[in-house]
Amino acid sequence: MPSGRRLDRRTVLRGAALGAAAPLVPATAATASAAAPGRRGPAADAVSLRWLGTAGWRIDVGDRTVLFDPYLTRFSTGLYEGAFDPRTPLRSRPSVVDAHIGRPELVLVSHSHWDHLADVPHIAKTTGARVVGTETTFHLLVSLGVDAGQISVVKGGEVLDLGGIVVEAVPSLHSRNKKCAYFAPGTLHAPPATAPRTISDLPEGDTLAFQVTAGDGGPSAFLMGASDFSERAVRGLRPDLAMVAVPSSTATHRYVPRLLRALDSPGVVVPVHWDNFEVPLAGSPVRDPAMDLDGFLAQVGKAAPAARVVVPDYRTVYDGAMRPVRGWTGG
């Protein structure tokens, strides 16, 4: 670290990642003087994170809850049996969803494919949570009965101050398969003529990433919903935690090293979107056979050897430095 550089949250988190006992924002005079009076963010132990499977997260800052890409119903499309059916009906199981989401005030949506959006209409309509997403997400949700006044459209670049929680929308890209293509591309500039009924009725509609920070000086988490990114858009974010989608192909050139370099080598890297998202959340995650999780972890170790890697589990609650706190029984 260059001499004279102040002790920031990234520096302290790196210490925690290497096993230091100090909290994320230590209560020391030196640290307090580095932050503006009354503007210090919560420490790591005031924040909790729970992986909802696929790309999804629940982030609790005190008694406030933010959800990202909450896909919990996890219905079968035939994808993992070699008989994928794009005409699979959309569905949401309220009892399954409600057991995991708490009382969210905000839902962040990276893009509009079913494994990111299918449960959002139920969550929005039953909790009143504000949804933040693309114009396509807006039009789809309105057609599915969500109040238009409940949805905030972003394009990427917006930094939203939510009174103790800061959300930055980041322009991003969808994952590419071996043919450099992906399922259900397209955007909407008006509500569809009929409400979506099948998974193919939900186009991607552009993709976002988000960075969520618990106040000024609290831990920050970079959240990805797909395994591609705009290098120029993420440069300078410097998150404490990077929730990185595992790719299903090598179509994106040097995906892992370019991403981690652009993010300035986060102290903690958490792989996501590597599980079979048609298996219920009960029990341990089942790997998606198309995802080379071990190869991804090896690339992270080579590109960012100082990073602590946490492979998440559905059943664990983590603090703001992604240290296990306790088992999760829902609620």
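How many of the eight residues of helix H8 (residues 255-262) are buried?

**Get your bearings**

You have a predicted model open, in which local features need pLDDT of at least 70 and side-chain atom pairs count only at pLDDT 80 or more, while totals for chains, interfaces and linings use all residues. Residues are numbered from 1 along each chain as its sequence is written, and side-chain values use heavy atoms, with hydrogens and water left out.

Colour by pLDDT, the predictor's confidence in each residue on a scale from 0 to 100. The protein averages 85, and 82% of the residues score at least 70. Over residues 1-40 the pLDDT is below 50, although this stretch has 61 contacts in the model beyond near neighbours in sequence; a contact means heavy atoms within 4.5 Å. Where pLDDT is low, the predicted coordinates should not be read in detail.

Now switch to cartoon: there are nine helices and 16 strands. Helices (H or I, at least four residues) and strands (E, at least two) are DSSP runs, numbered from the N terminus. Of the 331 residues, 53% are buried. Buried means under 20% relative accessible area, exposed over 50%, and partly exposed in between (1.4 Å probe, protein chains only).

**Stop 1: helix H8**

Select residues 255-262, and here is the answer to the opening question: seven of the eight residues of H8 are buried. They are Tyr255, Val256, Pro257, Arg258, Leu259, Leu260 and Ala262. Show what surrounds them, and you will find that the buried residues pack against strands E10 (220-223), E11 (228-229), E12 (241-245) and E13 (268-272), as well as H7 and helix H9 (293-303).

**Stop 2: charges around H8**

Next, select Arg258 and Glu231. Their side chains meet in a salt bridge (2.7 Å, N to O), and the pair links helix H8 to helix H7 across 27 residues of sequence. A salt bridge here is a side-chain nitrogen of Lys or Arg within 4 Å of a carboxyl oxygen of Asp or Glu. Arg258 counts as buried because its relative accessibility is 16%, and Glu231 counts as buried at 17%.

Just after H8, pick Asp264, which takes a positive phi of about 65°. The side chains of Asp264 and Arg238 meet in another salt bridge (2.8 Å, N to O). Asp264 sits in the loop between H8 and E13, and Arg238 in the loop between H7 and E12, 26 residues apart. Asp264 is partly exposed at 35% relative accessibility, as is Arg238 at 26%.

**Stop 3**

The bridge partner of Tyr318 is Pro324 in E16. Four residues lie between the strands of this hairpin, where Met322 takes a positive phi near 60°.

Keep Met322 selected and show its contacts. Leaving aside neighbours within four places in sequence, these include Leu49, Trp57, Leu241, Met243 and Val310. Met322, Trp57 and Met243 are the residues with the most contacts inside the largest nonpolar core, which has 82 residues. Such a core is a set of buried Ala, Val, Leu, Ile, Met, Phe, Trp, Tyr and Cys residues joined through side-chain atoms within 4.5 Å.

Methods:
Two strands pair if DSSP finds at least two bridges between them.
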